[in-house]
Amino acid sequence: MRKIKNCFRIIILFNSIISYSQNREILILDSATKLPVETVNIYYPEIQEGTFTNSDGKATINIREYDLRISHIAYQEKIINSKELQNLNTLYLTPKSVILDEVIVSSFNITKALKYVLENYENLYENQPFEKECNFKETLSIDNNLKRLIVTKVNWWSRSYNYRQLRDLKLRLGSIDFNINNPMDIFTDIPKENIPSNSGFIDTKNLINNVYLNIFLINFIKINPKLNFIIENSSANEILVSFTSDWKKRYTYSFRSKGKIIFDKETKAIISFTNEVENKNRVTKSYTIRANKEFSYETISSSSILNFQKNKNNKWTVNSFEVSADFNITYNDVKHNGNIKNNLYVLKNTQIKKVKNAGLINLSKPIYQNLPKDIVTNSNAILLSEEERNFIDVNDVVKNK
């Protein structure tokens with residue numbers, strides 16, 4: 001069995017003019033459960049900019065003299081004007097009701113619906129050159145303890161939302177809010193094997209293949225030509241479909257896809273796609289470089305979530321993106337559970353034909369390895385969760401000792 005560098009690469013199968021200088025922190029809760037709602041889009045459609053709630057249901061938004069749209073795929077949309085926003089602290093969202101249209105249920109075919117999106121892709125989705133100002137967040141946890149937290153601005157430029165080749169897109173780094181990357185502390189008897197640069201990561205090129213819906217759909221349909229599906233909701237505007245595939249064999253392991261897709265009834269576009277890939281026996285054995293000791297790495301599951309909203313040209317555009325993976329690493333007969341997650345939140349969307357090449361991300365490297373250590377600010381647009389703030393506080397104490 002060949003030696004390989006102790007570096008675990010996760011492969012996924014598949015945002016004017018300010019009228020007030022005031023910011024407002026908002027807490028968004030579910031009206032029924034009173035629990036916080038994560039990834040709620042708080043957005044000014046007129047200027048195509050906004051933000052998202054964190055896992056505690058909190059967000060900070062600049063107060064501007066435009067209507068503010070509060071939206072989430074599972075909740076009824078709300079529109080708030082700037083005067084209301086100045087006095088708003090907590091907002092309750094009402095879950096969408098479940099409605100079934102029997103005509104839709106009997107005639108819907110998920111494979112045909114997916115192929116329709118591909119065949120009409122350029123008419124449905126953003127087809128002009130754009131630049132999206134984004135927040136990128138990456139977390140890595142081992143045994144439920146955070147080991148990595150990165151929050152940085154990323155500017156994503158592309159010729160259109162139609163991926164053909166790498167030269168048609170550019171990712172540029174902006175200010176870095178937080179960049180903490182600690183050792184995984186798995187190889188306890190070989191300290192030098194635990195260096196942060198050898199930690200797990202999601203391959204950047206593979207990340208791109210998931211954030212562009214056209215290439216994602218091509219791969220998805222190829223792997224899943226036939227799906228078992230159920231229509232969970234068919235309202236006046238949307239169709240929510242859950243799906244599962246049959247188990248398939250690949251090399252020495254098995255996998256299947258499951259998830260949910262929301263279609264817009266008027267345009268027939270996909271406006272939300274959640275895909276989880278479950279694995280059985282996807283185990284890779286390897287050896288540490290320094291001590292030649294065996295360890296095993298098991299990919300349990302990986303998932304990707306794409307959400308869309310309409311831009312000023314009435315085309316669907318990426319709103320937020322998440323890709324994550326659950327895994328195990330077994331060393332010295334001790335199994336360690338891990339999770340790695342990358343989130344991309346679009347804060348502002350602008351049509352622009354050309355951008356400068358300064359600060360481009362090397363797409364052959366994971367994003368965290370592109371980060372310089374000397375461009376750090378503390379003005380993150382996406383609020384951190386309580387767990388993440390505690391992680392930063394602990395690391396500040398250790399660094400200042």
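This is a predicted model: local features need pLDDT of at least 70, side-chain atom pairs count only at pLDDT 80 or more; totals for chains, interfaces and linings use all residues.

Trainee: How many charged residues does the lining of the largest pocket have?

Mentor: Sorted by class, the lining of the largest pocket has 17 nonpolar and 16 polar residues. The space in this pocket comes to about 1200 Å³. The charged residues in its lining number 11.

Trainee: Which residues lie nearest the centre of the largest cavity?

Mentor: The largest cavity holds about 150 Å³ of space, and 14 residues line it. Strand 10 (145-158), strand 11 (169-181), helix 5 (204-211) and strand 21 (334-351) each give two or more residues to that lining. Nearest the centre lie Leu171, Leu207, Ile208, Val211 and Leu344.

Trainee: How many residues in the lining of the largest cavity are nonpolar?

Mentor: Take the other classes before the one you asked for. The lining of the largest cavity has no charged residues and two polar ones. The nonpolar residues number 12.

Trainee: In the open sheet of three strands, which are the edge strands?

Mentor: The strand order in this open sheet is 5-2-8, and the pairing is mixed. An edge strand pairs on one side only. The edge strands are therefore strand 5 (58-62) and strand 8 (90-93).

Trainee: Which residue in strand 8 stands opposite Ile28?

Mentor: Strands of a sheet pair through backbone hydrogen bonds, either parallel or antiparallel. Strand 2 (residues 23-30) and strand 8 run parallel and are joined by four bridges. Opposite Ile28 stands Leu91.

Trainee: At what angle do helix 3 and helix 6 pack?

Mentor: Helix 3 covers residues 110-119 and helix 6 covers residues 213-223. Their axes are 10 Å apart, and helix 3 passes helix 6 in a left-handed crossing. The angle is about 145°.

Trainee: Which residues of helix 3 make the contact with helix 6?

Mentor: By class, this contact has eight nonpolar, one polar and one charged residues. Helix 6 brings Leu213, Asn214, Leu217, Ile218, Phe220 and Ile221. Helix 3 brings Leu114, Lys115, Val117 and Leu118.

Definitions and conventions:
Residues are numbered from 1 along each chain as its sequence is written. Side-chain values use heavy atoms; hydrogens and water are left out. Axes are lines fitted to C-alpha atoms, for helices over the stretch in contact, and angles run from 0 to 180 degrees between N-to-C directions. A crossing is left-handed if the near helix is turned anticlockwise from the far one by less than a right angle, and right-handed if clockwise. Contact means heavy atoms within 4.5 Å. Ala, Val, Leu, Ile, Met, Phe, Trp, Tyr, Cys and Pro count as nonpolar, Asp, Glu, Lys and Arg as charged, and the others, Gly among them, as polar. On a 1 Å grid over the protein atoms alone, a cavity is a set of points where a 1.4 Å probe fits but cannot get out, and a pocket is an open set with protein on both sides within 12 Å along at least five of seven lines; lining residues have an atom within 4 Å of a point. Grid points are joined across faces, edges and corners, and a volume is the space filled by probe spheres set on the points. Two strands pair if DSSP finds at least two bridges between them.
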